[in-house]
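Subject: Structure handover and findings

Dear colleague,

Please find the structure below, with the sequence alongside. My notes on what was found in it follow.

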Amino acid sequence: MAMQIEADLCTSCGDCEPVCPTGAIIPRKGVFFIKADICTECAPDHDMPQCLSVCMEDGCIIPAE
């Protein structure tokens, strides 16, 4: 499964982009986007997605459906 960023909650702070070990987070149209085909939820290297550990907006980064 992958994570996704809710565009309406993203403040474009950019904190998530450098912590993504797979480079799945990219800027797009003023907000950040997670490429689902690259996102691994940081498994198996981390216990939780690293983007969640740095995002200050509640509910901004959620599991993709």
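The sulfur of C51 lies 6.1 Å from the closest cysteine sulfur, that of C42, which is too far for a bond. A disulfide is taken here as a pair of cysteine sulfur atoms within 2.5 Å, and the structure holds zero disulfides. C60 is likewise in no disulfide, the nearest cysteine sulfur being that of C55 at 4.2 Å. C51 counts as buried because its relative accessibility is 7%, and C60 counts as buried at 4%; buried means under 20% relative accessible area, exposed over 50%, and partly exposed in between, with a 1.4 Å probe and protein chains only.

Please note that this is a predicted model, in which local features need pLDDT of at least 70 and side-chain atom pairs count only at pLDDT 80 or more, while totals for chains, interfaces and linings use all residues. Residues are numbered from 1 along each chain as its sequence is written, and side-chain values use heavy atoms, with hydrogens and water left out.

The largest nonpolar core has 16 residues, and those with the most contacts inside it are I5, C16, I25, I34 and I61. Such a core is a set of buried Ala, Val, Leu, Ile, Met, Phe, Trp, Tyr and Cys residues joined through side-chain atoms within 4.5 Å. Strands β1 (3-5) and β3 (31-34) each supply at least two residues of this core, and β3 gives the most, with three residues. Helices (H or I, at least four residues) and strands (E, at least two) are DSSP runs, numbered from the N terminus. Leaving aside residues up to four places away in sequence, I25 touches I5, C16, E17, C20, F32, F33, I34 and C51, where contact means heavy atoms within 4.5 Å.

V31 belongs to strand β3 and, at 19% relative accessibility, counts as buried. V31 touches A7, C10, S12 and I26, again not counting residues up to four places away in sequence. Between V31 and T11, 20 residues apart in sequence, the C-alpha to C-alpha distance is 7.1 Å.

Q50 is found in helix α2 (residues 50-54) and is also buried, at 19% relative accessibility. The side chain of Q50 reaches the backbone oxygen of M48 at 3.1 Å. Beyond residues up to four places away in sequence, Q50 touches V19 and C42.

Finally, the charged end of R28 sits over the ring of F33, 3.8 Å from its centre; the criterion is NZ of Lys or CZ of Arg within 6 Å of the ring centre and within 35 degrees of the ring normal.

With kind regards

Note on methods. A polar contact is a pair of N or O atoms within 3.5 Å; within protein, one must be able to donate a hydrogen and the other to accept it, and residues adjacent in sequence count only if both atoms are side-chain atoms.
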